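Hi,

Here is the structure I promised to pass on. Have a look at it first, and then read my notes below.

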Amino acid sequence: MLKQLCWHTKPSTPTTMKISNELFFEQIEQLLQEGTPAEFTLRGDSMLPLLRDGRDCVVVAPLDERPIHVGDVLLFRFRGIHLLHRVIGKEEEVYILAGDGNYLQREVCRTEDIVGRLVAVHRPSGRIIDCQSRRWRIASHAWCLLPAIVRRIILAIRRRIVRR
């Protein structure tokens, strides 16, 4: 499986290259350990509808002194892969995470498995969304409050519309 790396020099001229997942996340972790935010094009549908596969560039920053809260989106290691999912709970020393588009699947990770926190999203239109903004938090919270069956129906309708 290949990932697309996207560092923007200007909003309209991204530089891209294709590399293996292993090398990709090794480089992302190195950037974050050096204190540098990493920006890359999102791959996968697990965070639909708020984050879109192959379209949105996400900016992940190293963890700072701010505590991790329910609702934060984290990049973390899970069973040999890296995932970008939302914190939905905390139990003792572990965080429970799930993708916005995954209404049944959950992951559990410890603090040492967390690589970084989502801080911004670059839309193809050039719009930049601050993930600490009130608007992003409200949209995220509203989506997560929907019952699983409602989210499932919305995502199914969206898939049918996008295929056409």
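Before the notes, one cut-off to keep in mind: a residue is called buried under 20% relative accessible area, exposed over 50%, and partly exposed in between. Also, please remember that this is a predicted model.

Let me start with the salt bridges. Side chains of opposite charge can pair when their charged atoms come close. Searching the whole structure turns up nine salt bridges.

One of them joins the side chains of Arg43 and Asp53, at 3.7 Å from N to O. Both residues sit in the loop between strand S3 (38-41) and strand S4 (57-61), so this pair ties together parts that are ten residues apart in sequence. How covered are the two partners? Arg43 has 37% relative accessibility, so it counts as partly exposed. Asp53 is partly exposed as well, with a relative accessible area of 30%.

Another salt bridge brings Asp56 and Arg52 together, with 3.0 Å between N and O.

Arg66 is partly exposed at 30%, and so is Asp64 at 36%. These two also belong to a network of salt bridges that links Asp64, Arg66, Asp72, Arg117 and Arg137.

Now for the strands. Strand S5 (residues 73-78) is mostly covered, with five of its six residues buried. Which strands does S5 pair with? One is strand S6 (residues 81-91), in the antiparallel sense and over six bridges. Another is strand S9 (residues 114-122), again antiparallel, over three bridges.

Last, the surface. Arg152, Arg159, Arg160 and Arg163 gather there in a patch of positive charge. Is Arg163 buried or exposed? With 66% relative accessibility, Arg163 counts as exposed. As for where to find Arg163, look in helix H3 (residues 148-163).

Cheers

Terms used: Residues are numbered from 1 along each chain as its sequence is written. This is a predicted model: local features need pLDDT of at least 70, side-chain atom pairs count only at pLDDT 80 or more; totals for chains, interfaces and linings use all residues. Side-chain values use heavy atoms; hydrogens and water are left out. Buried means under 20% relative accessible area, exposed over 50%, partly exposed in between (1.4 Å probe, protein chains only). Helices (H or I, at least four residues) and strands (E, at least two) are DSSP runs, numbered from the N terminus. Two strands pair if DSSP finds at least two bridges between them. Patches are made of residues with over 30% relative accessible area and no salt bridge: like charges are joined within 9 Å, nonpolar side chains (Val, Leu, Ile, Met, Phe, Trp, Tyr) within 5 Å. Accessible areas come from the Shrake-Rupley method with a 1.4 Å probe; for residues, only the protein chains shown count as cover. A salt bridge is a side-chain nitrogen of Lys or Arg within 4 Å of a carboxyl oxygen of Asp or Glu. Lys and Arg count as positive and Asp and Glu as negative; His and the chain ends are not counted. The place of a charge is taken as NZ of Lys, CZ of Arg, CG of Asp or CD of Glu.
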